[in-house]
Amino acid sequence: MGEKLQQLKTGGFERRWSLAKASIVAGTRFATASASTMFSDEATREMKRRKSLAEQAEYLVGEMGKLKGSIVKIGQMMALYGEHFLPEEVTRAFHQLNDKTVALDWSVISKHIHQELGDKRFNELVIDQEPLGAASLAQVHRARRKSDGTELVLKVQYPGVEECCESDLKHLRMALKLAGVIKLSKDVQEKLFDEIRTSLHAELDYLQEAANLREFKAFHAHDEKLIIPTVFDDFTSKRVLTLSYEAGDNLNTAKHYPHHIRNEIGERLFHTLCEELYHLHALHCDSHPGNFAFRADGSLIMYDFGCVK
C-alpha cells in the first residue's frame, strides 16, 4: 500500500489549529470572491458564488482528509445528513472524503495489537504486516491462528482516535460556521451533532460491534448464502475486533456476474434488510458498498456492524 504513516495527529492543539486555519482560509476566500462580484448581474453573481463555494468546500474537506481519524468519519456522516441542510456544493465535497487512507506503519499497529490482546494471544497469531485496507478509524490485517491455521482478519482501531472524537466534533462544527457553509438553527444543529456523536461512539466500541455481529448472524442463520463473519472472542477487545476471514468480490466485479445471479443477490439483499427491519427490529445501517461483498454462487457477505439502529 506504499508509504505508511508513523503516527496520527491526535494532539488536541494541532488538530484544532489545522481545522481553524483551513476554515478561516476557506471563509476568507469565499467572502473575497463574493465581494468581487458585487457589480455583476444576478445570474453571474450566483454562478460565481456557487463556483467559489464549491472550491472552498473542497479545500476545507481536503485539509480534513489530511488529519485522518474521527474527523474523516464525521465528515462522511455530514455527507449523509448534509443533503438536508448543507448547500449542494458542500455536500458534494464531503462525499469526496475517501475512506481509503494511508495506513499506519506496522511498527505502530503491532504495538497497539500487542497492548490490546496481551502476550499470549498476540503470539498465537501470524499477522500479515501489510494491511488489507485502511480507513478513517481503523485498518484491517489478515491473520492466521497458529494452532489450527484458521484464517482471520483483525480490525484494529487507530491508537488515540477515540480520545479525539469530542474535540473533532466540536471543532468541525466551529470550522463549518467560520467557513460560512452551515446555516441551521441552534436546536437543529444540536440534534444533528448529537446523532453523529452517538453513531461515532458506537462505531468505536468493538465489543458492542461483536455483540451486534453475533445477534445478526444468529438471526440470519436460516440463509446459508447470507454470510456474516464469526467473532473470535479470545482475540477481541474494545479496540481490536477479530473475525473469520470471508472473501468475496467487490461491487465492480460482481456487476459482471450473470444476470440471474445479480437478480438473486439483489433479492437476497432486499429480503435481508426487510427481515431485519420488520422482525429483528434492528438494521445494519452502514450501506457503504465496501461493507458488502459477493460470490458468483449468489452469496452475499455483510461486513461492519458498528452502525446498527
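Student: What makes His281 exposed rather than buried?

Tutor: His281 has a relative accessible area of 65%, and a residue is called exposed over 50%, buried under 20% and partly exposed in between, with a 1.4 Å probe and protein chains only, so His281 counts as exposed. The model is a predicted one, in which local features need pLDDT of at least 70 and side-chain atom pairs count only at pLDDT 80 or more, while totals for chains, interfaces and linings use all residues. Residues are numbered from 1 along each chain as its sequence is written, and side-chain values use heavy atoms, with hydrogens and water left out.

Student: Where is His281 found, and what is noted about its phi?

Tutor: His281 is in the loop between H10 and E7, where helices (H or I, at least four residues) and strands (E, at least two) are DSSP runs numbered from the N terminus. Its phi is positive, about 60°, although His281 is not a glycine. Most residues other than glycine have a negative phi.

Student: Which class does Asp304 fall into, buried or exposed?

Tutor: With a relative accessible area of 19%, Asp304 is buried. Asp304 lies in the segment after E8, and its phi is also a positive value in a residue other than glycine, near 60°.

Student: Why is Gln208 called partly exposed, and why is Gln129 called exposed?

Tutor: Gln208, in helix H8 (residues 206–219), has a relative accessible area of 39%, so the label is partly exposed. Gln129, in the loop between strand E1 (125–127) and strand E2 (133–134), reaches 51% relative accessibility and therefore counts as exposed.

Student: What does Gln129 touch?

Tutor: Gln129 touches Trp106 and His141, not counting residues up to four places away in sequence, where a contact means heavy atoms within 4.5 Å. Gln129 and Arg142 are 13 residues apart in sequence and 8.4 Å apart in space, C-alpha to C-alpha.

Student: How do you know that E1 and E2 are each paired with strand E3 (residues 138–145)?

Tutor: Two strands pair if DSSP finds at least two bridges between them. E1 is joined to E3 by 3 bridges and runs antiparallel to it, with Ile127 opposite Ala143. E2 is joined to E3 by 2 bridges, again in the antiparallel sense, and Ala134 has Gln139 as its bridge partner. E2 and E3 also form a hairpin with 3 residues between them.

Student: Why is strand E6 (residues 240–244) described as largely enclosed?

Tutor: In E6, 5 of the 5 residues are buried, so the strand is largely enclosed by the rest of the structure. Strand E4 (residues 151–157) is joined to E6 by 5 bridges, and the two run antiparallel; Val153 has Leu243 in E6 as its bridge partner.

Student: Why do E5 and E7 count as edge strands?

Tutor: The open sheet has 3 strands in the order E5-E8-E7, with mixed pairing. Strand E5 (226–227) and strand E7 (292–294) each have a single partner strand, so one side of each is left without a neighbour in the sheet. Helix H10 (residues 259–280) packs on this sheet, touching E5, E7 and E8. E7 and strand E8 (residues 300–302) pair in the antiparallel sense over 3 bridges, and Ala293 has Ile301 in E8 as its bridge partner.

Student: Which residues lie nearest the centre of the second largest pocket?

Tutor: Of its 16 lining residues, Leu251, Ile265, Leu269, Phe292 and Phe294 lie nearest the centre. The elements giving two or more residues to this lining are helix H9 (251–254), H10 and E7, and H10 supplies the largest share, 5 residues.

Methods: Axes are lines fitted to C-alpha atoms, for helices over the stretch in contact, and angles run from 0 to 180 degrees between N-to-C directions. On a 1 Å grid over the protein atoms alone, a cavity is a set of points where a 1.4 Å probe fits but cannot get out, and a pocket is an open set with protein on both sides within 12 Å along at least five of seven lines; lining residues have an atom within 4 Å of a point.
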